[in-house]
Amino acid sequence: MKNSTLWRLVLFPKNLFRLWRSIALYFEKYGMLRGAYRVFHKAASPVFRPTLFKLLRPKGGTLGNAGEGTNPVKVVLPDLLPLQPVDELIVDNTIGGGANDFCLQYVRSLDDAGKTWRLLRFNLLSRHYEVYDSTAEHTWAVRENERGALLRALQESQPRAVMLNNIVSWPDPLGCLAWLTGMAKNVPLTFFVHDFFCLCPTIILLDNSLSFCGLPEDKAICKACLWKNVMAAPYTPADIVRWRSAWLCLLEAAARIHILHASVGEMLVKVYPDLQPKLNLLVPSPLAQLRPLQRCAHQADLPTVIGVIGKIGVHKGALIIKDLLRLLDASRCGSRIVVVGELELNVSSPCLTVTGPYQREHLPELLEWHQVTICLMPSVWPETYSYVMDELMALDVPVVCFDIGAQGAKARAYTQGAVAAAITAESCLEAIDLLESFRRAGGTQEQA
């Protein structure tokens, strides 16, 4: 489809910002448009910024004094911040998701341990740096153009440790990495790997065709991809060598690097071979246990009903779902797909049901109500932990996914799991048919 690029821009408004990013980087490369992002945010904000910020607005309330509630916000100059030494300085963003949830849990653990902390985040919506302090009554906001003075003030406050959680969406990420590297020379710095930002500006390793890149060894491939990749984070350079060099300096200076799954360590070592001794496998706290499905998953006479869990965007496999529906519609086999959650793609098919948002504790009842017989995790990027896979295994339901990342490793170790041979809808359907054949025969994959 020759107009696929236009289709992606229309379907995903965030990509309008990515298009501007590509144009700005081109001009910046030749010295014709310095400060391209600042020009964009000032001149084009009435049109583009509301859409971008709506997409990236964090869910939930504001972090309060002890990780709860809301603190009043005061806009101040960095030199006027009453910064006292704290046990730990935490660096994070505000774009939402599992990494921000982890940061909240980490802050609460420091509170429980009686430690003082300070949290620095960049708010993409307000264009301010936010400073939260465990002992303060206010949240301090510092304007973006005061970043240099703010970082100096935070460094001079002499925290006893630094925790880097996430800097995706931060302006000048290379400058932030240099600042953190300097901090790590004086105090221990701990880095939690929630995504692959330290390997590539695309964060989730999808190339410009929205497929998993596999971390090619040829840097020319990376360079050609980054110039036109709509998934690359804002403010990041298109030079993969420069990007990884900055990250390597930080990673070498870090005292500890925590990963959530062994598959993440394998990918890090592929790019940074000397980091192996610093990697520490840290298993997240388990979620509340879900009960196994009891009614429909093991009945041999039911038609195939494929369950997909979560908010399914492009990186979570929305295009795979679209292709799979095309195959099911053509085969007229009676199989159908139930998305328990949301599908961020406008698809119409008699084989598709989308429930909308749901509460996690109701997941077993929803799957039983829709008579789901097998689940598919269509995520096309190598996830760094995959809570969804944990949920599906707790439900004791057959699962198919791609052989990448944490989800692939967990599926291979699961007695009712299968991995598709390739990242295509056709391969998914083959793996689904294989597991379903065991159900119809009245047995299980483990018995076979």
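A search of the whole structure turns up eleven aromatic pairs. Rings of Phe, Tyr and Trp (its six-membered ring) pair if their centres lie within 6.5 Å; planes under 30 degrees apart count as stacked, over 60 as edge-to-face and the rest as tilted.

Select Phe102 and Phe192. Their ring centres are 4.9 Å apart and their planes meet at 55 degrees, so this pair is tilted. It links distant parts of the chain, 90 residues apart: Phe102 is in helix 5 (residues 98-112) and Phe192 in strand 7 (residues 189-192). Helices (H or I, at least four residues) and strands (E, at least two) are DSSP runs, numbered from the N terminus.

This is a predicted model: local features need pLDDT of at least 70, side-chain atom pairs count only at pLDDT 80 or more, and totals for chains, interfaces and linings use all residues. Residues are numbered from 1 along each chain as its sequence is written, and side-chain values use heavy atoms, with hydrogens and water left out.

Now show the surface. Phe102 is buried, at 15% relative accessibility; Phe192 is buried too, at 5%. Buried means under 20% relative accessible area, exposed over 50%, partly exposed in between (1.4 Å probe, protein chains only).

Next, select Phe197 and Trp243. They form an edge-to-face pair, 4.9 Å centre to centre, with 65 degrees between the planes. Phe197 is in the loop between strand 7 and helix 8 (219-226), and Trp243 is in helix 9 (residues 240-253). Phe197 is buried at 3%, Trp243 at 0%.
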